[in-house]
Amino acid sequence: MKKEAFCEILGDIDERYVREARAGHRITKPAWRKWGAVAACLAAVAVLGTVLLQSGIFSQNTDVAALDNGDKIVFAKSDTVGGSLSLDADVTITPLTEEEAAVLFPALPVTADAIFQNGDGDAGASRELLGFEGQIGNVKLTISTSDVQLLDTELVGAEETSEINGTAITAGYSVTDKNSKGEQNAIYYASFALGACRVYVENAGAKENSEATKEELAEVIQKLIENGEPDLPAFLEGGN
Amino acid sequence: MDDAQIVQLYWDRNEQAISATSGKYGNYCASIARNILDSREDAEECVNDTYMSAWNSMPPHRPSNLAAFLGKITRNLSINRYRYKNAGKRGGGNATVVLDEIAELVSDTDDVEQAVDRRELIRAIDLFLDRLPADQRRIFVCRYWYFDRVSAIASRFGMTENHVSVTLNRLRLKLHHHLTERGFEL
């Protein structure tokens, strides 16, 4: 598609957003309100999730990936993979070199950016590593290494918790609506902790290829967990 | 005069509709045209053409959001004029920079244009915008609907220009991922 054609299509977005963009000025919320609201939302999701899981509503809508070590990941069907958390920070994005990617993610074909929060502008103010965003093959990867969550997809609705090598994994999947050609895509996602790092991975593909999409994601999850917590000190000592 | 009254003037074929529109939305439309067109004269002509187009569109249209309705006309007329002025050559100025950013989202070839269902694509973009935090959504719309300069967005939202540029870059990547994930070949 030509850029001019896409630009014209952008002109047809919902008028609410056009009006909203010119309405008033930005209101900066105190941090405690922002994270308080996030905590409240997560608590609400947790309560809702518990109620729904206990009710058995989602118990018949699961998809399982069996791993070669005998563990399995249970993906619960979800209506949406939606919502976003705002990254309200002044950041610098730096692509990882091949060497850095190999240090952080051994034996995985990772292409990713490191995201740093800039200092406050004072001389000598250091920058803080917030995390990484990128791809492992087709799999989308987001890792938050600080209290500032880079996770741009809030897990909404149903998830199941599984364990691989003692690591708890929350996983789910959703299927998009049919497009004009009758095609649907399946999106598998999972979230887990590696030490102090919070990891989110997501893989999407045509619905008829969902087994391959799921297996690819499961392999990435297994490998990430086998690698353990990314070696952040080595990465940071390398001049970052 | 409220918007419903202005729209009614158009439906009554009352020429006061033009002056009422100019008085209330002239600056709004001019700001959009000037973001896209470097020439002040071209921008003024597009705003005047907006009033004429509105006159020809109402009736049958009865827009519920007159500002967005007029702004969209101005935007389309200005983009068409930009393309006409820069046909076959690379233009300069703000619009060229914005279009270059939009080019990062698409192949910028004609190959797949016919294959994409326009309404589905708009719905998918709306869904993407709906899921964004309000501030990020507003920044995106300011840049890619209004063609606002990065400096203007930084001023409006109390951010540094670097922060705005990084945010826009992340939003473009997210939108590209959102659309390709849903099977759109751009």
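# A guided tour of chains A and B

Begin with chain A, which contains six helices and ten strands. The model is a predicted one. Of the 240 residues in chain A, 33% are buried. Among the contacts in chain A that link residues at least 6 apart in sequence, 55% join residues at least 24 apart.

**The contact between the chains**

Next, display both chains and select the residues where they touch. Chain A supplies 39 residues to this contact and chain B supplies 53 residues. On the chain B side, the elements that give two or more residues are helix H4 (66–85), helix H5 (93–103), helix H6 (118–131), helix H7 (134–144), helix H8 (150–157) and helix H9 (161–181). Coloured by residue class, the side of chain B that touches chain A divides into 24 nonpolar, 18 charged and eleven polar residues.

**Helix H3 of chain B**

Now select residues 40–57 of chain B, which form helix H3. At 1.5 Å a residue, these 18 residues should span 26 Å, and the end C-alpha atoms are 25 Å apart, which agrees.

Which residues of H3(B) are buried? They are B:Ala43, B:Cys46, B:Val47, B:Thr50, B:Tyr51 and B:Ala54. Because these residues cover an arc of only 145 degrees around the axis, they lie on the same side of H3(B). Turn to the other side of H3(B) to find B:Glu41, B:Met52 and B:Asn56, which are exposed. To see what covers the buried residues of H3(B), show the elements of chain B that include helix H1 (3–11), helix H2 (16–36) and H4.

**The loop between H3 and H4**

Move on to the loop between H3 and H4 of chain B, where B:Pro59 is placed. The peptide bond that leads from B:Met58 to B:Pro59 is cis, with omega near -10 degrees. B:Pro60 has its place in the loop between H3 and H4 of chain B as well. The bond joining B:Pro59 and B:Pro60 is a cis peptide bond, with omega about 15 degrees.

**The nonpolar cores**

The largest nonpolar core holds 61 residues, and those touching the most other members are B:Ala33, B:Ile36, B:Val141 and B:Trp145. H4(B) gives the largest share of this core, eight residues. Domain 1 (3–88) and domain 2 (94–181) of chain B both contribute residues, so this core lies between them.

Another core, of 39 residues, lies apart from it; among its members are A:Leu96, A:Leu130, A:Ile169 and A:Leu224.

Return to B:Trp145 and display its surroundings. Which residues is B:Trp145 in contact with, leaving aside its neighbours within four places in sequence? The contacts are with A:Leu10, A:Gly11, A:Ile13, A:Val18 and A:Ala21.

**Two residues with positive phi**

Two loop residues complete the tour. Select B:Arg13 in the loop between H1 and H2 of chain B. Its phi is near 55 degrees, a positive value in a residue other than glycine. Is B:Arg13 buried or exposed? B:Arg13 has 10 other C-beta atoms within 10 Å and is therefore exposed, the cut-off for exposure being 12 or fewer.

Finally, select B:Phe147 in the loop between H7 and H8 of chain B. B:Phe147 is not a glycine, yet its phi is positive, at about 60 degrees.

Definitions and conventions: Residues are numbered from 1 along each chain as its sequence is written. Chains are lettered from A and ligands numbered from 1 in the order in which they are written. This is a predicted model: local features need pLDDT of at least 70, side-chain atom pairs count only at pLDDT 80 or more; totals for chains, interfaces and linings use all residues. Two residues are in contact if their C-beta atoms, placed from the backbone, lie within 7 Å. Helices (H or I, at least four residues) and strands (E, at least two) are DSSP runs, numbered from the N terminus. Ala, Val, Leu, Ile, Met, Phe, Trp, Tyr, Cys and Pro count as nonpolar, Asp, Glu, Lys and Arg as charged, and the others, Gly among them, as polar. The expected span of a helix is 1.5 Å times one less than its number of residues. A residue is buried if 20 or more other C-beta atoms lie within 10 Å of its own, exposed if 12 or fewer, and partly exposed in between; C-beta atoms are placed from the backbone. The arc is that of the directions from the helix axis to the C-beta atoms. A nonpolar core is a set of buried Ala, Val, Leu, Ile, Met, Phe, Trp, Tyr and Cys residues joined through C-beta atoms within 7 Å. Domain bounds come from an automatic or database domain assignment.
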